[in-house]
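Open the structure in your viewer and keep the selection tool at hand. Each stop below tells you what to select next and what is there.

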Amino acid sequence: MPEAQAGPQGRAGRIRFAKGDCCALTFADNSFDAVTVGFGVRNFESLNKGLQEILRVLKPGGRLMILELSTPENPLMKVLYKIYSRLVIPALGRLMSKSRKAYSYLPESIAAFPQNREMTAILESNGFHNVSCKSFTFGICSLYLGEKPVETLRLQTLHLGDSAPGCPGA
C-alpha cells in the first residue's frame, strides 16, 4: 500500500520501501538525510539500540523526526485522556475486532514509554544534538526532533621548529 501511495505523486522512483529490524538496519553508515518514525518507536525491541542504528545511518547533520503518542501533562486533559484511553479505546477495539484484548495494549504501551523530557534526554544520551519536543492535540501526540552532529575534521599540526632535519634552509 505505501508503494501505491508514492506512485501517483511522482515519487515512486525516489522512494524505496524496506522492511527490517530497527536494531540492525541493513543500510550503510551515513546513508540518509532524514529518518522518520511515526508511532513506532514505542515498539522498538530496544529503544537505545534502535536510536543508535538511526544515528549510524543518518548523514552528519541529518535529522530524526519521531511522532509518538503521549500522555498529556495538563491535569484536566490527563484525567480526560485516562478515561478515553482506559475505557473508550478498548471498547472500540472490542467492537471492531471482537477481541477483549484488542487495543488495550495501546494505552499500556503509551504509559510505559518515556515521554517529553525523559525522551529528549534519551535522544541526547544516544548522540543526537539540537533535540526538542513539541506537543500536539493537548499533549496526546508528541514530535521529537534531533540531529546527528556534524563531525569536524581533526587536523593535526606538526611543528618542526627552526632546525628540522632534512629541510634545507631550516
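A disulfide is a pair of cysteine sulfur atoms within 2.5 Å. By that rule the count here is 0 disulfides. Select Cys22: Cys22 is in no disulfide, and the nearest cysteine sulfur, that of Cys23, is 3.9 Å away. Now select Cys133. Its closest cysteine sulfur is in Cys141, 9.6 Å away, which is too far for a bond.

Before moving on, a word on the model. This is a predicted model, where local features need pLDDT of at least 70 and side-chain atom pairs count only at pLDDT 80 or more, while totals for chains, interfaces and linings use all residues. Residues are numbered from 1 along each chain as its sequence is written, and side-chain values use heavy atoms, with hydrogens and water left out.

**Stop 1: the sheet**

Colour the strands. Helices (H or I, at least four residues) and strands (E, at least two) are DSSP runs, numbered from the N terminus. Two strands pair if DSSP finds at least two bridges between them. What is the order of the strands in the open sheet? The order is E1-E2-E4-E3, 4 strands with mixed pairing. E1 and E3 (129-136) are the edge strands, each pairing on one side only. From one strand to the next, the twist averages 10°.

Select E2 and E4 (residues 141-147). They pair in the antiparallel sense over 7 bridges. Within this pair, Leu64 has Gly146 in E4 as its bridge partner. Next, show H5. This helix packs on the sheet and touches E2, E3 and E4. The direction of H5 makes about 155° with that of E3; such angles run from 0 to 180 degrees between N-to-C directions, with axes as lines fitted to C-alpha atoms, for helices over the stretch in contact.

**Stop 2: the hairpin**

Select E3 with E4. 6 bridges join these antiparallel strands. They form a hairpin with 4 residues between them. Click on Thr137 in the turn: its phi is positive, about 50°. Then return to Cys133, which stands opposite Tyr144 in E4. Is Cys133 buried, exposed or partly exposed? Cys133 is partly exposed, at a relative accessible area of 31%. Buried means under 20%, exposed over 50%, and partly exposed in between (1.4 Å probe, protein chains only).

**Stop 3: the core**

A nonpolar core is a set of buried Ala, Val, Leu, Ile, Met, Phe, Trp, Tyr and Cys residues joined through side-chain atoms within 4.5 Å. The largest one has 19 residues. Select Leu51, Ile54, Leu64, Ile66, Leu123 and Phe128, which touch the most other members. E1, H2, E2 and H5 each give two or more residues to this core. H2 gives the most, with 5 residues.

Show H2 (residues 47-57). Its buried residues include Leu47, Gly50 and Leu51. Among what covers them are E1 (32-38), E2 (58-69) and H5.

Now zoom in on Leu64. Contact means heavy atoms within 4.5 Å. Setting aside neighbours within four places in sequence, the contacts of Leu64 include Val35, Leu51, Leu123 and Phe128.

Phe128 comes next, in the loop between H5 and E3. Phe128 counts as buried, at 1% relative accessibility. Phe128 and Leu51 are 77 residues apart in sequence, yet 9.0 Å apart in space, C-alpha to C-alpha.

**Stop 4: Lys148**

Go to the segment after E4 and pick Lys148. Lys148 is buried, with a relative accessible area of 10%. Which backbone oxygen does its side chain reach? The side chain of Lys148 reaches that of Leu55, at 3.0 Å. A polar contact is a pair of N or O atoms within 3.5 Å; within protein, one must be able to donate a hydrogen and the other to accept it, and residues adjacent in sequence count only if both atoms are side-chain atoms.

**Stop 5: the loop between H4 and H5**

Select Phe113 in this loop. Phe113 counts as buried, at 9% relative accessibility. Phe113 and Arg42 are 71 residues apart in sequence and 6.1 Å apart in space, C-alpha to C-alpha.

Finish on Gln115, in the loop between H4 (105-112) and H5 (117-125). Gln115 counts as buried, at 12% relative accessibility. A polar atom of its side chain lies 2.6 Å from the backbone oxygen of Ile110.
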